[in-house]
Amino acid sequence: MRINLISDTVTKPTPGMLEAMFTAEVGDDVFKEDPSINALEEKVAKMFHKEVALFFPSGTMANQAAIKLHTQPADQLICDKYAHVYNYEGGGISFNSGVSCKLVDGNRGMMTALQVAEAINPPDFYHSPLTTLVSIENTTNKGGGACWDFDELKKIQAVCKTHHLGYHLDGARLWNAMVAKNETPQQYGELFDTISVCFSKGLGCPVGSVLVGNKDIMHKAIRIRKLLGGGMRQAGYLAAAATYALDHHVDRLAEDHKRAKEIGELLTQLPFIQKVEPIETNIIIFEIDESLLSAERFLEKLKANNVHIIGMGQGKLRIVTHLDYTEVMHEAFLSILKKI
Ligand SMILES: *Cc1c(COP(=O)(O)O)cnc(C)c1O
């Protein structure tokens with residue numbers, strides 16, 4: 001039995017999801033004639049109480065399109081130093097939008113409203129890039145699946161309003177945050193100008209993201225998607241998977257969170273584990289005491305048991321629980337860990 005915990009993107013469609021895909025009605029979405037995509041976009045827009053939703057092939061493209069919508073070349077956006085948009089989107093912010101980042105030294109990927117306010121360049125000081133956007137990530141990926149305090153997000157919204165800045169949420173992992181903190185899409189829709197969400201992470205779809213916002217900002221989104229190469233044809237097969245996931249795979253995220261906590265509790269008891277970061281959702285980041293066991297050797301031992309996790313450098317390791325990580329695998333993994 002292969003136990004793959006390197007990411008929640010490793011999942012394969014369930015039989016129910018495949019059935020939904022097989023039976024999807026499709027059309028050419030570049031002409032907006034794909035009923036499955038139109039239905040998904042309408043559903044997601046309604047969930048977040050936004051006027052427009054647009055289907056994208058990836059979370060990266062949805063974020064990059066959002067940044068383009070909010071900015072002009074030479075502008076600057078504010079984000080945490082851990083932000084996915086800055087670290088893991090191939091430098092797309094500068095390449096696609098000609099925009100630079102003011103990085104904030106936050107806590108596990110999360111900034112305070114005060115830090116955001118301090119990072120804004122005065123708009124009449126023409127020597128500095130013009131600050132036009134604040135980008136937030138919830139849950140934070142590099143921050144170990146940490147969830148934001150909703151009140152801090154509200155305070156940052158107030159800062160954005162005062163300074164006329166766009167407010168974007170990279171919500172690739174927002175479903176996990178909402179389940180963990182018992183929050184609703186509507187609450188987030190009220191705070192942010194644009195929100196990207198992924199279906200290919202915790203929700204278990206093969207592909208797909210959606211960007212939501214109101215017409216005033218989203219009217220150019222379809223043009224930007226086209227120029228980024230994201231206009232797809234009969235992609236309703238993918239949208240059908242996303243709709244299925246919204247109906248069947250959101251509440252069950254709590255199981256992934258519970259298993260992640262149980263793994264974390266066991267890790268803290270192992271003598272060669274130095275530190276386990278707080279676990280709020282489905283990501284576990286921990287450190288090995290390399291004077292007792294090297295991270296490399298630990299990974300090898302797991303691999304010998306057909307368990308796969310990922311190293312993040314500097315002795316840090318990561319485990320991510322997901323839809324294809326079953327209870328049987330969970331019990332097997334816990335007993336393997338105990339024997340190391
Ligand atoms: C995975 C992820 C993305 C990008 O998603 P892709 O679909 O892999 O391009 C963006 N932001 C965060 C926080 C993510 O975890």
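**Note on a predicted model and its ligand site**

1. The buried residues of helix α12 are Gly-236, Leu-238, Ala-239, Ala-240, Ala-241, Ala-242, Tyr-244, Ala-245 and Leu-246. Here "buried" means under 20% relative accessible area, "exposed" over 50%, and "partly exposed" in between, with a 1.4 Å probe and protein chains only. Helices (H or I, at least four residues) and strands (E, at least two) are DSSP runs, numbered from the N terminus.

2. The model is a predicted one, in which local features need pLDDT of at least 70 and side-chain atom pairs count only at pLDDT 80 or more, while totals for chains, interfaces and linings use all residues. Residues are numbered from 1 along each chain as its sequence is written, and side-chain values use heavy atoms, with hydrogens and water left out.

3. Helix α12 covers residues 236–248, which makes 13 residues. From its first C-alpha to its last it reaches 18 Å, close to the expected 18 Å; the expected span is 1.5 Å times one less than the number of residues. The elements that cover its buried residues include α1, α2, β2 (52–56) and α8 (174–181).

4. Helix α13 (residues 253–269) may be read in the same manner. Its 17 residues should span 24 Å at 1.5 Å a residue, and the end C-alpha atoms are 25 Å apart, which agrees. Its buried residues are Leu-253, Asp-256, His-257, Arg-259, Ala-260, Ile-263, Gly-264, Leu-266 and Leu-267. These buried residues pack against α8, β9 (273–276), β10 (283–288), β13 (316–320) and α15 (327–339).

5. Which residues is His-257 in contact with, leaving aside its neighbours within four places in sequence? They are Asn-176, Val-179, Ala-180, Glu-280, Thr-281 and Asn-282, where contact means heavy atoms within 4.5 Å. His-257, which is found in α13, counts as buried because its relative accessible area is 6%.

6. Ala-332 lies in helix α15. Apart from its neighbours within four places in sequence, Ala-332 is in contact with Met-1 and Ile-3. Ala-332 and Lys-154 are 178 residues apart along the chain, and their C-alpha atoms are separated by 42 Å.

7. Which residues come nearest to the ligand? Of the 13 residues around it, these are Gly-59, Thr-60, Asp-170, Arg-173 and Lys-201; a residue is near a molecule if one of its heavy atoms lies within 4 Å of it. Helix α3 (residues 59–70) gives the most to this shell, with three residues. The shell divides into two nonpolar, six polar and five charged residues. In this scheme Ala, Val, Leu, Ile, Met, Phe, Trp, Tyr, Cys and Pro count as nonpolar, Asp, Glu, Lys and Arg as charged, and the others, Gly among them, as polar.

8. A polar backbone atom of Gly-59 is 2.9 Å from an oxygen atom of the ligand. For Thr-60, an N or O atom of the side chain is 2.6 Å from an oxygen atom of the ligand. A nitrogen atom of the ligand has a polar side-chain atom of Asp-170 at 2.6 Å. The ligand taken alone exposes 380 Å², of which the protein buries 86%; accessible areas come from the Shrake-Rupley method with a 1.4 Å probe, and for residues only the protein chains shown count as cover.

9. Asn-138 is found in the loop between β5 and α7. Is Asn-138 buried or exposed? It is buried, with a relative accessible area of 0%. The side chains of Asn-138 and Tyr-188 are joined by a polar contact of 2.9 Å. A polar contact is a pair of N or O atoms within 3.5 Å; within protein, one must be able to donate a hydrogen and the other to accept it, and residues adjacent in sequence count only if both atoms are side-chain atoms. A polar atom of the Asn-138 side chain also lies 3.2 Å from the backbone nitrogen of Trp-148. Beyond four places in sequence, Asn-138 is in contact with residues including Asp-170 and Arg-173.

10. Three backbone features deserve attention. Most residues other than glycine have a negative phi, and most peptide bonds are trans. Asn-138 and Thr-139 are joined by a cis peptide bond, with omega about -10 degrees. Lys-32, in the loop between α1 (15–22) and α2 (35–47), has a positive phi of about 55 degrees although it is not a glycine; Lys-32 is partly exposed, at 30% relative accessible area. Ala-74, in the loop between α3 and β3 (76–80), has a positive phi of about 85 degrees, also without being a glycine; Ala-74 is exposed, at 54%.
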